[in-house]
Amino acid sequence: MKALNTTKYQKGTKHSTQKCGDVEILYQKEFKLTPKYLQLAIDGPPHNRIFTMGVLDKNGDIIARGTGKTKKEAEQEASRLALIYYDETFNVDSDSEIEL
């Protein structure tokens, strides 16, 4: 597997909206699953909510958390952090199996 370029996924870049799709591609390719998101918290008054969403790994453990003013924004931030997590976790030697 080719190493992920995490600078491409920095918050606020034009590529940042692709994070959810990139996590989905990674999960499909490596685990044959669709990534699952879990709502962890909703804070603030109704007119100014802050959502916290988590990305679950294949075992159901939270691997990344993201916050945002919308659920989608929080999922995108969690996805960005999940890509960084997997980039640091995968063995990227092209001759070996990729394992978590």
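A salt bridge is defined here as a side-chain nitrogen of Lys or Arg within 4 Å of a carboxyl oxygen of Asp or Glu. The count under this rule is 1 salt bridge. The model is predicted, so local features need pLDDT of at least 70 and side-chain atom pairs count only at pLDDT 80 or more, while totals for chains, interfaces and linings use all residues. Residues are numbered from 1 along each chain as its sequence is written, and side-chain values use heavy atoms, with hydrogens and water left out.

The salt bridge links Arg80 to Glu77, with the closest N and O atoms 2.8 Å apart. Both residues lie in helix H2, 3 residues apart, about one turn of the helix. Helices (H or I, at least four residues) and strands (E, at least two) are DSSP runs, numbered from the N terminus. Arg80 is buried, at 12% relative accessibility. Glu77 is also buried, with a relative accessible area of 12%. Buried means under 20% relative accessible area, exposed over 50%, and partly exposed in between (1.4 Å probe, protein chains only).

Strands E2 (residues 50-56) and E3 run antiparallel and are joined by 6 bridges. Two strands pair if DSSP finds at least two bridges between them. Leu56 has Ile62 of E3 as its bridge partner. E2 and E3 form a hairpin with 5 residues between them. In the turn, Gly60 has a positive phi of about 90°.

The largest nonpolar core has 11 residues, among them Val23, Phe31, Val55, Ile63 and Tyr86. Helix H1 (19-31), strand E3 (62-68) and helix H2 (71-89) each supply at least two residues of this core. Such a core is a set of buried Ala, Val, Leu, Ile, Met, Phe, Trp, Tyr and Cys residues joined through side-chain atoms within 4.5 Å.
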